Structures are given as C-alpha cells and as structure tokens.
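Me: I am learning to read protein structures and would like to look closely at one part. Could you go through it slowly with me?

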Amino acid sequence: MFRIALLAVAAALALPAAAGDEDLKALREEVAQMKKSYEQRIEALEQRLAAAGAPKEQSQPAQDGSARAGAAGGFNPEVSLILQGQYRRMQDVPERAISGYWPAGGHDHGGDERGFSVDSSELIVSANISPYFRGMLNVALKDGEAEVEEAWFQTLGLGQGFTLKGGRFLSGIGYLNEQHPHAWDFADAPLMSKALFGEHYGQDGLQLKWVAPTDLFMEFGAEIGRGQNFPGTDRNQNGVGATSLFAHVGGDVGRSHAWRAGLSWLATRAKDREAHFEDTDAAGPNEVEGLFTGRSRTWIADFVWKWAPEGNPGYRNLKLQAELFRRTEDGDLACASGVATSPCAGSPALGKLNARQSGGYAQAVWQFMPHWRLGYRYDWLGSGSKHYVPATVFAALDPANAYFARYRPQRHTLMADWSLDEFSRLRLQFARDKSMQGVSDNQVALQYIMSLGAHGAHKF
Amino acid sequence: MKKFFLLILLAAALPVRAELRVFACEPEWAALVMELGGDKVNAWSATHALQDPHRIEARPSLIARARNAQLVVCTGAELEAGWLPAVLRESGNAGVQPGRPGHFEAAALVARLEIPLKLDRAEGDVHASGNPHIHLDPHNLLAVAAPLAKRMGELDAANAAHYAERQRAFVEKLRAAIARWEKEAAPLRGMRVVAQHRSFSYLFRWLGLVEAGTLEPKPGIEPGSAHLAQLVTQAKARQAKLIVRTPFDSPRPGEWLAERTGMPLATLPFTVGGSERAQDLFGLFDDTLAKLKATP
C-alpha cells in the first residue's frame with residue numbers, strides 16, 4: 001500500500017510540465033491526501049500488529065493484580081479500614097436494658113453514647129493463604145482496646161460443595177448475624193440481636209458448610225465452638241460449649257427478584273451467667289448478682305427478598321428483611337452478694353428458672369434514586385413466659401427488677417441515607433424506642449461510615 | 001428429615017448431564033463458549049445484557065450455579081471484584097477457584113487500555129489492570145478463543161478435538177467478518193463520540209473513533225450537573241457527532257446532553273442480548289456498526 005502511494009507521488013512528479021499549473025496543484029493535493037490517508041492506515045495497522053504480537057509485554061504482568069506485590073514475597077492482602085462515628089440524641093437512662101430480658105451485656109460497637117462519639121473502627125485484612133486456604137482478620141479498634149471480631153481460615157479446595165472454616169468467626173445463624181455493623185441498613189442492631197446476643201453471636205470453633213448440587217440454592221451448615229459468648233458462658237471445659245445448625249434456601253424469581261430464607265438453631269449452656277439485680281435487704285437495697293446456670297436453645301427463622309429492576313441495584317432497589325426467634329432457657333437461678341445483711345450473701349439457690357421468649361423485626365429499605373435510600377424497621381419482643389417460684393425468688397430479689405417485668409418492648413425506626421459513592425455513607429435516623437418499661441425514648445442519630453482500601457465483595 | 005437428606009444425597013449422586021458446565025460472568029463469554037463448544041457445552045451467563053457487570057449482587061442463585069460449574073469464564077481485570085469472589089468462595093467448588101484450571105479470565109490474554117498510572121480512589125472506580133470491557137474489539141475475541149478452546153479441551157478431554165475444530169472454524173468465520181466490518185466502518189474513522197462510561201474504549205480504538213468526553217466525570221461516578229454543563233461546551237468544541245450508551249446505563253444524562261447539543265443518542269447493544277439483532281457475537285458487531293453508521 002505504501003508502495004502505491006510512492007508510485008503515485010513519483011507519477012505526480014514525473015508528469016509533463018505541459019499540464020497546467022492548476023491541474024498540477026489539484027493533482028498534488030490529491031496525492032498528498034492519498035499519502036496521508038495511507039500513512040494513517042499503516043500506522044493503525046502497525047499499532048494493531050504490535051498489540052496482537054506483544055500483549056504479554058504490555059499487560060500480562062498485571063494478571064490477577066498479584067504481580068504488583070513485587071519483592072515483598074508475594075504477600076498482597078486485601079486491607080480495608082472502616083471508619084464510623086455518630087452524633088446521637090437520646091434520653092439519659094443510666095443502665096439501658098431491654099425490659100423482660102436477661103441483659104446480654106458486654107459486646108457492643110458503641111452508639112449507646114449521647115452526643116458525638118466514634119464507633120469502633122474496623123480493620124480488615126484478608127488474603128488467600130495458598131491455593132487451599134484463605135485467611136481473614138477483623139479487628140475492632142476502640143480507645144484502649146483492640147477486639148478481635150473475627151480471625152479465621154477457610155478452605156478453598158475441599159470441593160463437592162464443602163467449606164470448612166476455623167478460628168473465630170461470626171456464626172452463620174440467622175441473616176444479619178454474619179454482617180458487620182458497616183453493612184447494616186440502620187445505625188444500630190435490631191432489638192432482637194441485642195436481646196439474643198448483645199449484638200451478634202461469634203464462635204471460637206469450626207464451621208462446616210455444604211452447598212447442594214442443585215440449581216435452587218440450598219446450603220447446610222453446622223458449627224461447634226467454645227460457646228463463651230452470651231447466652232452461654234465460658235465454662236473451662238474440654239468439650240464443645242455451643243452447637244449450631246443452619247439451613248438456607250434461595251433463588252431468583254424472574255430477572256428482578258431474589259430471595260433467601262433460612263432456619264437456624266443454637267444450643268449452648270451457661271454457668272453462673274451474671275446480671276445486675278437489686279435485693280430485698282431490709283437495711284436498704286444492694287446491687288447484687290443474679291446468676292443463671294442452665295441450657296439455652298435459640299431458633300431463628302430469617303427471610304430476605306430483594307428487588308432490583310432487571311437485576312440492576314445501582315439505580316433503584318428494594319430490600320425486605322425479617323427475622324423471628326424463639327428462645328428457651330431452662331436452669332437454676334441463684335444470687336450472690338458480698339454484703340453481709342443481703343439475702344444473697346452466701347450465694348443462695350433460688351430454685352428453677354424456665355423462660356420461653358420470642359420476638360423479631362421486619363424492615364424495608366428502598367433506594368428510590370441513585371445515592372438515596374429510605375428505610376423503616378419495626379422491632380418487637382414478647383415478654384414470653386417465665387416459670388419460677390415467686391416466693392423463693394422475691395424473698396431475695398426485688399420484684400420490680402426489669403427482668404421480671406411483663407412487658408412487650410417495641411421500637412419504630414426510620415432512616416434515610418445518602419451514599420455519594422460506594423465507599424461512603426451518611427445516615428440520619430429517628431427511632432421511637434420503647435424497649436424499656438416506662439420509657440419512651442425518641443432518638444436521633446446522624447452517622448457516617450467510610451470504607452478505605454480494598455473493599456471485598458459483600459454477601460447477599 | 002432423614003428421607004430429605006437421603007433425597008439430597010441421591011440428587012448429588014445422580015449423573016449430571018454430560019455436557020461441560022460453564023458459568024460465564026457475562027453474556028459475551030457465554031456466547032463465545034457456545035461458539036467453541038456447540039452442543040457439547042452447557043453455558044450459563046451469570047449476568048444479562050441489561051445488567052451492569054460492575055454492580056451485581058452475590059445472589060444465592062449465582063452461588064448454586066457456581067457450585068455445579070466445571071469452568072468459570074470471566075473478564076477479570078477486577079470487573080467482577082464486587083461479587084464474583086463472594087460467589088466462588090461460598091460455592092464450595094474447588095475446581096473453579098482463581099488459579100485452578102476451571103477458572104478462566106479473558107482480560108489477562110489481551111493488551112488492555114487505560115492502565116492507570118496512579119491508583120487512587122479519588123480518581124473514581126479505576127481498575128489497576130486497565131479497562132476491562134475488552135470484548136468490543138473482535139481481535140480480542142480472536143486472542144481469547146484459542147486459549148479458551150484449549151482450556152475447555154483440558155477439562156473435557158473427550159471433546160478436545162471437537163473444541164479445537166470449532167475454534168478453527170470460528171476464527172476463520174470471525175476473521176472474514178472482521179474484514180467485512182472494517183470495510184463497512186471505514187467511513188466512521190475519526191468520528192468523535194461521547195460515551196457514558198468507558199464501556200466502548202476497545203470498540204473506538206478498533207474502528208478509529210475518537211472519544212470526545214465521557215458523561216461520567218470519573219469512572220463509576222454518576223454524571224453530575226456541573227460536569228454535564230462543561231461537557232456541552234467540550235462536545236461542541238471537539239465537534240462530537242454522537243453520544244453512545246449501553247442498555248443498562250441510565251438514559252437521562254445522555255438525553256440531557258442530546259437535547260442541549262443536538263447530538264443523537266445511540267444505545268449500542270454492548271453485549272450479546274443487548275438488542276434484537278445482537279443474538280450472538282456476530283449479530284452484536286453487525287448491530288453495533290449499523291447503529292454507528294445510522295448517525296447522520
């Protein structure tokens with residue numbers, strides 16, 4: 001082709017001078033244009049040749065993104081950091097506890113403080129250990145403490161649908177339990193999660209999951225663990241402290257709908273599980289420890305339905321989510337106090353305590369336009385039935401204690417959040433919290449969640 | 001309960017259909033697998049043409065499909081980073097994990113455009129490995145077809161010859177089509193085009209079109225009014241002739257710009273299934289060229 005252009009140029013130059021100046025000029029222009037066009041095409045062809053011949057040099061090293069680790073020994077973990085904080089306006093209640101429920105105590109991520117506060121920051125490091133294992137560490141950082149939320153390995157190569165996880169992990173029971181606070185749709189956990197586990201249930205142990213080889217998603221899981229977390233206690237034993245089983249089923253309905261439903265069961269035991277009570281000391285009430293020893297069984301049913309037009313959640317989507325639970329606890333009640341005049345001095349037994357309680361939450365979160373979501377959540381808990389011998393129990397413990405209350409805690413929560421991009425979120429939330437008998441707490445929360453660094457794929 | 005488990009075990013033990021089961025992340029790869037495998041493969045696409053492959057949820061149905069797949073064929077280059085890792089890990093399928101023979105990434109096999117010099121989230125949703133939308137340059141399909149057919153033959157040795165034979169036939173057919181398309185598209189060379197997202201960079205480069213701006217201010221960042229206003233003057237100054245969008249991009253920013261500038265807005269099929277005519281890879285390019293050439 002280049003040769004043709006050259007020939008044309010030569011021909012143009014060799015034209016007899018007899019031709020008119022005008023003709024010559026026009027011809028020269030034409031040839032120049034031809035030449036230019038051919039040169040462009042040759043250049044394009046050369047570029048393509050280079051691209052086809054040498055893709056390896058150009059971008060092959062970038063394969064899997066792993067080559068960037070360079071000399072550091074190939075350790076290239078996904079690191080992400082989540083910053084969260086909020087402003088909260090609510091009533092000043094000295095010891096917040098859900099009426100009628102044994103306080104789960106301990107673990108929480110903040111959000112119970114009035115005014116401005118920083119929630120715990122999550123630092124997450126995860127990577128494939130080898131072709132056969134993956135590891136993950138999630139540390140929640142707060143003032144003066146770093147709590148290991150999760151630290152586990154997971155198999156990648158077991159095959160046949162099996163996955164084994166070992167270490168500390170959030171239990172697969174229910175739906176919300178496996179999610180970290182930054183993935184929640186509200187600024188706080190449902191009352192149900194607070195009543196059942198404090199916030200979520202973590203296991204130190206093993207989890208085996210199996211996905212059935214069917215087009216309908218069916219997953220079965222079993223966990224055994226130490227069981228040191230509420231509703232169990234650390235019992236310093238060789239055996240298994242907690243067992244859980246769960247099954248999930250899910251699928252699509254058309255292109256725009258997807259769902260998942262599950263049923264889970266958790267069994268654990270508690271020994272001298274503590275809660276604050278007041279006694280009936282004639283010399284004036286003392287704060288004493290109520291102690292529960294016995295077994296705890298929890299059933300959870302969960303259901304999630306997501307709608308996204310044509311399977312594109314980016315513009316508009318709707319998420320409906322509900323979980324229900326039923327907990328049965330059977331065991332013995334005791335109390336303990338160091339005060340000599342207290343009826344609890346010497347840790348007397350207060351007879352049998354059997355409790356059956358249930359409740360749940362239902363929520364809807366609607367993204368009505370890009371970046372903006374609205375959500376509503378309704379929480380309810382039943383006081384359920386508690387069986388004990390009042391004469392024995394109330395001889396030592398004050399019957400006015402919140403645990404003995406026959407009360408139905410409820411909460412309505414409304415939230416709006418705005419995410420300018422997928423890595424940041426600002427949220428405004430109003431709640432009317434009637435989880436404590438005699439208190440109607442109107443709460444306002446303004447929250448931010450920022451994700452830095454690699455942000456791995458979220459589960460459904 | 002026992003009966004139920006027995007049933008499940010039975011289902012697991014049943015001989016699954018003899019075809020090679022392929023989980024394709026995007027319709028273009030499902031189409032390519034079909035071209036190479038014919039009736040010996042069962043290719044299922046995790047996404048369809050009206051879905052943005054960046055933003056997919058790791059739905060239970062995807063996990064169930066990945067569980068049974070023998071081969072996962074995806075773009076790679078971080079296009080599916082938001083959902084595929086979760087799907088694969090949850091599937092419990094050892095054979096299709098990254099690095100295994102059952103895991104195939106197409107983007108690694110071609111020269112990628114727009115590899116960023118700087119990785120900073122302030123630049124938007126940038127992919128370290130470059131622009132992942134490689135399939136709209138058919139030369140890239142040529143480059144992917146041979147290694148893919150080879151991989152299919154490794155996983156399904158009984159049909160290796162069949163795949164190799166179909167790959168040769170496909171390459172021949174595609175080469176002929178490419179020659180035709182390039183001839184047809186020659187008048188488009190140098191045309192200036194505004195795209196919504198950098199979805200068409202490979203197409204533009206192949207056909208010699210010039211990108212005169214994008215509706216997104218930065219990759220993955222939704223178009224805002226300030227940027228759009230600036231784009232009006234920019235598009236006029238650069239004499240842009242056409243705005244293009246994928247079927248899954250919101251039409252509104254493009255319509256807004258079209259109204260302000262008088263440029264037509266074309267919805268290109270982007271992938272197989274993206275329009276009536278784009279029922280396979282050949283239809284995809286036929287229709288794309290037809291829509292580009294329809295510009296006055």
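Reply: Before we look around it, here is how to read the names and values. Residues are numbered from 1 along each chain as its sequence is written, while chains are lettered from A and ligands numbered from 1 in the order in which they are written. This is a predicted model, in which local features need pLDDT of at least 70, side-chain atom pairs count only at pLDDT 80 or more, and totals for chains, interfaces and linings use all residues; side-chain values use heavy atoms, with hydrogens and water left out.

Let's start with the helix itself. α8(B) covers residues 225-237, which is 13 residues (helices are DSSP runs of H or I with at least four residues, strands are runs of E with at least two, and both are numbered from the N terminus). From its first C-alpha to its last, α8(B) reaches 19 Å, close to the expected 18 Å (1.5 Å times one less than the number of residues).

Now see which parts of α8(B) face inward. Its buried residues are B:His227, B:Leu228, B:Leu231, B:Val232, B:Gln234 and B:Ala235 (buried means under 20% relative accessible area, exposed over 50%, and partly exposed in between, with a 1.4 Å probe and protein chains only).

In chain B, four strands form an open sheet with parallel pairing, in the order β6-β5-β7-β8 (two strands pair if DSSP finds at least two bridges between them). The edges are held by β6 and β8 (265-267) of chain B, each with a single partner strand, so one side of each has no neighbour in the sheet. From one strand to the next, the twist averages 35°. α8(B) packs on this sheet by touching β5 and β6 of chain B, and its direction makes about 150° with that of β6(B) (axes are lines fitted to C-alpha atoms, for helices over the stretch in contact, and angles run from 0 to 180 degrees between N-to-C directions).

Let's zoom in on one pairing in the sheet. Three bridges link β5(B) in the parallel sense to β7 (residues 242-245) of chain B. B:Val193 is found opposite B:Leu242 of β7(B). As background, strands of a sheet pair through backbone hydrogen bonds, either parallel or antiparallel.

Follow chain B on from β5 and you come to B:Arg198, which sits in the loop between β5 and α7 (201-207). B:Arg198 has a relative accessible area of 32%, so it counts as partly exposed. Its side chain makes a polar contact at 3.2 Å with the side chain of B:Glu211 (a pair of N or O atoms within 3.5 Å; within protein, one must be able to donate a hydrogen and the other to accept it, and residues adjacent in sequence count only if both atoms are side-chain atoms). Not counting residues up to four places away in sequence, B:Arg198 touches B:Glu114, B:Asn131, B:His133, B:Glu211 and B:Thr214. B:Lys218 is 20 residues from B:Arg198 in sequence, and their C-alpha atoms are 9.5 Å apart.

Two other places in chain B are worth a visit. Helices α5 (residues 138-155) and α6 (residues 160-185) of chain B pack at about 175°, with 9 Å between their axes. This makes α5(B) roughly antiparallel to α6(B) (the cut-off is over 145 degrees; under 35 is roughly parallel, 65 to 115 roughly perpendicular, and the rest oblique). Among the residues making that contact are B:Leu141, B:Ala145 and B:Met152 of α5(B), with B:Tyr163, B:Phe170 and B:Trp181 of α6(B).

The last stop is B:Gln97, in the loop between α4 (84-91) and β4 (103-105) of chain B. Its relative accessible area is 4%, so B:Gln97 is buried. The side chain of B:Gln97 reaches the backbone oxygen of B:Leu88 at 2.9 Å. Leaving aside neighbours within four places in sequence, the residues in contact with B:Gln97 include A:Leu156, B:Arg89 and B:His103.

Technical notes
Contact = heavy atoms within 4.5 Å.
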